Amino acid sequence: MEGYSRKDVGCPQLLDLIPKEKEWLVKSAEETNHGLSEEKKLELRLGPPGGDWTFKQINGPKNESLLSFGFFPNTTAGATTTSAPTPWQHQAKASFFPLMEKKSCRTVELQGAEKKAFSPANKAVPNSSNAQKRTAPAPVVGWPPIRSFRKNLANGNSSKLSSESQSVVPDKDFSKKPIENCPKSRFVKINMDGVPIGRKVDLKAFNSYEKLSSAVDELFRGLLAAQSDSSTNGIENELEEEKVISGLLNGSGEYTLVYEDNEGDRMLVGDVPWDMFVSTVKRLRVLKSSELPMLSCGSKPGKLSLDGSI
Amino acid sequence: MSEDEELPDLGGGATPNSNSTVVSIGGGDQNYVSPGPDQVLENVLENVLCFLTSRRDRNAASLVCKSWYRAEALTRSELFIGNCYSVSPRRVTNRFRLIKAIAIKGKPRFSDFSLLPPDWGAHFAPWLRAMAISYRALEKLYLKRMCVRDEDLAIAAHSFPILKELVLVCCEGFGTDGLAIVARECRQIRVLELMDSVIRDNEVDWISCFPEDVTCLESLIFDCVEAPINFEVLERLVARSPSLKKLMLNSYISITQLYRLMIRAPQLTHLGTGSFSPLEIVAQGEHEPDYFSAFAACKSLICLSGFKEIIPEYLSAIYPVCGNLTSLNLSYANISAEQLKPVIRQCHKLQTFWALDSVSDEGLQAVSAACKDLRELRVFPVEALEDAEGPVSEVGLLAISEGCRKLQSILYFCHRMTNAAVVAMSKNCPDLVVFRLCIMGRHMPDHVTGEPMDEGFGAIVKNCKKLTRLAVSGLLTDRVFNYIGQYGKLLRTLSVAFAGNTDLGLKYLLEGCPKLQKLEIRDSPFGDSALFAGLHHYYNMRFLWLSACKVTRQGCKEVARQLPGLVVEVIAWNEEENGTSEDVDTLYLYRSLDGPRADAPRLMVRPSLIMLGKALFNYRAGFPLAALKISPSSCGFHALAVEPSPAA
């Protein structure tokens, strides 16, 4: 028996798959299926648009309209598509049942044409098969073999908890201990310009940048005031008015919060989601905004290439 | 027993009712006529056979002779029906009279992946009818891939008053209505487990239907029930179930509700944690329950699962139990390697671990370093896409093989793999019994060498001498089947997709693997002559599944003709009722004592056609197809149950 394989074997012909198929389909359409309106073709077909349920059906004339209307938007956009997901990727997730009506057309022509493209022993599949990215083949029902309830896990939590369930009772009678009971704490050093003594702060105690910012304010407000007090001649009132440290996150204040991440780069606080920040931050620093050239010209978040260590 | 020597040879064919000799045992009453040796033997047999629990042993015993057959039939109490269509319920109830526990399996596994229409069959109702008459003392009912209706559950509840265990795996057709009836009527229920089943939400508060007094519940598993739960009632139920050891919640249970249940049931050994996220994000400073202590109080917890909508920050709450866990199922938790590491490095007793590939190769390396006792690993994809880079690869597989030498079972989804890693695993993990590797891109070669994956799988069958289950993927030629046929002498289950070149592939399998029971193949170029190569073996198999292969209707008819004890089901996607096309889309054949089934669906009108038309239009308009849920309630399909022709 002749070799049998999907076109997407990974051999060089892969990239030509789409146009070739069009040819074949047009051929078989002419052979067997004249004059069917596109509407009718759509109606009679039950299956992923453009996708074929089995390999055989690629030849089905009714597929043609769907394939054309499926694939082309992708390929006309860019001939050598990489592994960019096509709309069918979503199809693969839907677990509907593939009813493909097809005329009983043989796959012989397809196989015949394919024979040239395919080397039965597969030994001839050269390394170039790895070199090129595979264009996304039409998805096949039931592949990969994942049950439907295991799909769509990347889409995040479609929380069922927020429903108007009859049983929601606010939790009042529980332990007053906060989450910090979890042993994991995340203490990082924090230094401030102009303050010789640094502090340590537990990032696990916060769940947002705002809270961190206000904590920094609380930590250093007094110290800063004490600093400026001692730096002057001390003639002033001992009770120097403590100035609120604000605008740490948006560049609007006198000081700005930056951090050093796990790759050693100095970064502006606030760009990444909080959780990601907590997991990558190594130490914090409160810098004078005037020292940050980007900020003084009006903010562009990104890496700061400042000399000098923290 | 001295009688043994006097008995006629009990080899096959002997009729035990002949020559009943009267033997006088001991002095005393001369009128006492002791039972004939045959009867004594039967009595002895019945008493001895009670101790035989393995069904395979019992099957063997029942073949010795009629006497043994009868004795065995009278003493068997646990029944396993691997294919509900292989034998009629009546035949079963006629033979076995004293069944207390029954397990019935229905649809073939590929039906999980939408390769069969939903109305294909595997109905529980006919079995129930027979059992309701004959097995009223039934205590345990286990159904897998069967269609069970609410009415069936109602009848079961009424017919089996002492039903203690009801386990439904991958079933469908019923809803919370049926569950309510079970809860209300099955007063002795100890185990109610619903796993991977599709259950309709009839908006019935089934949890409230359990009796008000102390229950004997030991296991309550409902994580697949996609319906809200009346939490207060559940809490009270748990509080009055002192024997409860296994509790698996669905994703409608928040982590705060989980806390409340845990503090009421610290004796739990198996816990499915539900959503593992709070109802709302808790602001800093607000009171949150002490989840950590709740877990610390569950000193017997060995199996943890759930995490259906996990907020990863809460994962640290499980630290207190990690050291005791033998099973951890994080296969719904989309967490990173960094989030996994602090958990897994404490799980040194772990034997079973299920995860998503979001943990990446790095996470698997952490598993390999920490879980030296690991026996079973399953890695599922977060996104079941064929074309993706994917976070797990041969690196993870290799790491696992190097760290987890006692591995027995692995299911691994990935996008790229190398022969070298698979070969390494075959050598590092000689105890492998189950090896299922799914390289999700079709026909994917070894991504480093560009070669087919033949050598890797070949090494598995060659080096893993205990292997009984194998699933292959990637670019595969006939060569891999040659290896499997040559070395896979213990292989019982084999799954093949998009593999092979010629009929030789299937021939190697059918000729080489004497123990093959379940063979499921899709989209591979095997045709009639390969099909015929298995004629000598099909009666020994549970089933053969071939879909999108190259068998023809003629070939199928020929098989049916030659093997009248087989049922050969053919699914062909023809428009015409009397299709003369030779095309066969799906072939499903299995042995049966009672011939083709009467409940095969017929061609029907397809209302869902129009829906799909809409889908296409929506696609044109640019709506994402993921938003469309098409659930065909009835679809046309022409099932041709090929009748074996009378012996010609």
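This report describes selected helices, strands and residues of a predicted model.

The model is predicted, and local features need pLDDT of at least 70, side-chain atom pairs count only at pLDDT 80 or more, and totals for chains, interfaces and linings use all residues. Residues are numbered from 1 along each chain as its sequence is written, chains are lettered from A and ligands numbered from 1 in the order in which they are written, and side-chain values use heavy atoms, with hydrogens and water left out.

**A sheet in chain A**

In chain A, five strands form an open sheet with mixed pairing, in the order 2-1-5-3-4. Strands are DSSP runs (E, at least two residues), helices are DSSP runs (H or I, at least four residues), and both are numbered from the N terminus. Two strands pair if DSSP finds at least two bridges between them. The edges of the sheet are strand 2 (195–202) and strand 4 (266–268) of chain A, each of which pairs on one side only. On average, neighbouring strands of this sheet are turned by 30° against each other, direction ignored. A:Phe187 has A:Asp202 in strand 2 of chain A as its bridge partner.

**Strand pairs**

| Strand | Partner | Bridges |
|---|---|---|
| Strand 1 (residues 187–192) of chain A | Strand 2 of chain A | five |
| Strand 20 (residues 543–547) of chain B | Strand 22 of chain B | four |
| Strand 21 (residues 566–572) of chain B | Strand 22 of chain B | six |

Strand 22 (residues 586–591) of chain B is mostly covered, with five of its six residues buried. Buried means under 20% relative accessible area, exposed means over 50%, and partly exposed lies in between (1.4 Å probe, protein chains only). Within strand 22 of chain B, B:Thr586 stands opposite B:Ser547, and B:Tyr590 stands opposite B:Val567.

**Two helices in contact**

Helix 16 (residues 419–428) and helix 17 (residues 454–463) of chain B have axes that come within 7 Å and cross at roughly 5°. Axes are lines fitted to C-alpha atoms, for helices over the stretch in contact, and angles run from 0 to 180 degrees between N-to-C directions. Helix 16 and helix 17 of chain B are therefore roughly parallel to each other. Angles under 35 degrees count as roughly parallel, over 145 as roughly antiparallel, 65 to 115 as roughly perpendicular and the rest as oblique. Among the residues that make the contact are B:Val422 and B:Val423 of helix 16 of chain B and B:Phe457 and B:Ile460 of helix 17 of chain B. Contact means heavy atoms within 4.5 Å.

**Buried residues of chain B**

In helix 3 (residues 55–62) of chain B, the residues B:Arg58, B:Ala61 and B:Ser62 are buried. They lie on the same side of helix 3 of chain B, because they cover an arc of only 95° around the axis. The arc is that of the directions from the helix axis to the C-beta atoms.

Helix 7 (residues 150–159) of chain B is mostly covered, and seven of its ten residues are buried. These include B:Leu153 and B:Ala157. The loop between helix 7 and strand 4 of chain B holds B:Phe160, which counts as buried at 0% relative accessibility. B:Phe160 touches residues including B:Leu128 and B:Met131, not counting residues up to four places away in sequence. B:Lys164 is found in the loop between helix 7 and strand 4 of chain B, and B:Lys164 is buried with a relative accessible area of 16%.
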